[in-house]
Amino acid sequence: MAGNSQRPGAKRKGSTKKGAQVGTGGHSRKALQGKGPTPKAEDRTYHPAHKKKVAAEKRQESQSAQGARKGVARGTRKATGGAEVVAGRNAVLEALRTQAPVTAVHIAERLDHDDRTREILELASIRGARLLESSRGALDQLTEGSVHQGVALEVPPYEYKDVEDLLDAAADAGEPPLIVALDSVTDPRNLGAVLRSAGAFGAHGVLVPSRRSASVTASAWKVSAGAAARVPVAKETNLARALTELKKSGVFVVGLDAGGDTSVRDLAFATDPLVIVVGSEGKGLSRLVRETCDAVASIPIASAVESLNAGVAAGIALYEVAQARAAR
């Protein structure tokens, strides 16, 4: 019939049928369970970022373990928590002969002694240093694998002074202050040579900056030939600022540079309170330090020689100052 087009078996749409629903909305028992936010790449074990994270953690643990051990660098001398370790029979003997401060001397078990080790034991006993018998493995760890020949020596951290201490030393001696300042001199052997010259020509101390500068190490002690025990070393954070403060105290500041305005022999401030500033070989004085100087003096040298190292330059300048003061 024309009014009935419903197919056989089909259900008539009625008002009781539920309307269409958008998504499951969690209404279905079989709805998918939420898994939470997506983990970070470094937390997914299969992701390359995770492998990099694990490798970085292992490197950090390894570095921490190395830092906990005594000695953090390879070589004859090791830094150990502010102190140093000198390894090898010749190096230890030389350190004891030059009056370097000693905390302890380590001797390997069942060591085959020779003239050097016998003198080491004698000097250590005279100095009152602790004598410790250690295994070869313990010495290897203490010296970070250096060739120690069964002998190692611990040098305590150096006790630096303040600039005021250097001025006080001059006042106690009844002399105009004479100080050597080092600008970016990083070789401890140069520092040792400066200390030796300072002791020889009556300087009241050496001033070094905290950064980019040599420290009083066992190497410096050795080169100073014992002068490090007599000449105080002051350390200041900012060298230019420390020099400015010294100028306010009435001290003249003279820098050494190849392009100086005058010769050290003709220096007008030689008999006055004086700081001689020595720059690094090659680079010379830094800009700020040079601008702080009251004068810049040079040491005449042959044209074939480009420059003098800090130790030699300081020695020549100190000699000229000492001669001028003696003739006063």
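Q: How much accessible surface does the protein chain have, and what share belongs to carbon and sulfur atoms?
A: Keep in mind that we are looking at a predicted model. Its protein chain has an accessible surface of about 19700 Å², and carbon and sulfur atoms hold 48% of that surface.

Q: What part of the chain counts as buried?
A: Here a residue is called buried when its relative accessible area is under 20%. By that cut-off, 38% of the 328 residues are buried.

Q: How many bridges join strand E9 to strand E12?
A: There are 3 bridges between E9 (residues 252–256) and E12 (residues 295–298), and the two strands run parallel.

Q: Which residues touch the most other members of the largest nonpolar core?
A: A nonpolar core is a set of buried residues joined through side-chain atoms. The largest one has 38 residues, and those touching the most other members are Leu 182, Val 206, Leu 256, Ile 276 and Val 278. Two or more residues each come from E6, H6, E7, E9, E11, E12 and H10, and H10 gives the largest share, 6 residues. Apart from this core lies another, of 20 residues, including Leu 93, Leu 111, Val 155 and Ala 218.

Q: Which residues is Val 278 in contact with, beyond its neighbours within four places in sequence?
A: Among them are Val 180, Leu 182, Leu 256, Leu 285, Ala 310 and Ala 314. For the protein chain, 78% of the contacts with a separation of 6 or more are between residues 24 or more positions apart.

Q: What is there to notice about the phi of Arg 110 and of Glu 144?
A: Most residues other than glycine have a negative phi. Arg 110, however, has a positive phi near 55°, and Glu 144 has a positive phi of about 55°. Arg 110 lies in the loop between strand E3 (104–108) and helix H3 (115–127), while Glu 144 is in the loop between helix H4 (136–142) and strand E5 (151–155).

Q: Is Arg 110 buried or exposed, and is Glu 144 buried or exposed?
A: Arg 110 is exposed, because its relative accessible area is 75%. Glu 144 counts as buried, because its relative accessibility is 14%.

Q: Where is Ser 213, and why does Ser 213 count as buried or exposed?
A: Ser 213 is in the loop between E7 and helix H7 (218–224). Its relative accessible area is 16%, so Ser 213 is buried. Leaving aside neighbours within four places in sequence, Ser 213 is in contact with Val 185, Thr 186 and Val 208. Its C-alpha is 9.2 Å from that of Leu 191, 22 residues away in sequence.

Terms used
Residues are numbered from 1 along each chain as its sequence is written. This is a predicted model: local features need pLDDT of at least 70, side-chain atom pairs count only at pLDDT 80 or more; totals for chains, interfaces and linings use all residues. Side-chain values use heavy atoms; hydrogens and water are left out. Two strands pair if DSSP finds at least two bridges between them. Helices (H or I, at least four residues) and strands (E, at least two) are DSSP runs, numbered from the N terminus. A nonpolar core is a set of buried Ala, Val, Leu, Ile, Met, Phe, Trp, Tyr and Cys residues joined through side-chain atoms within 4.5 Å. Buried means under 20% relative accessible area, exposed over 50%, partly exposed in between (1.4 Å probe, protein chains only). Contact means heavy atoms within 4.5 Å. Accessible areas come from the Shrake-Rupley method with a 1.4 Å probe; for residues, only the protein chains shown count as cover.
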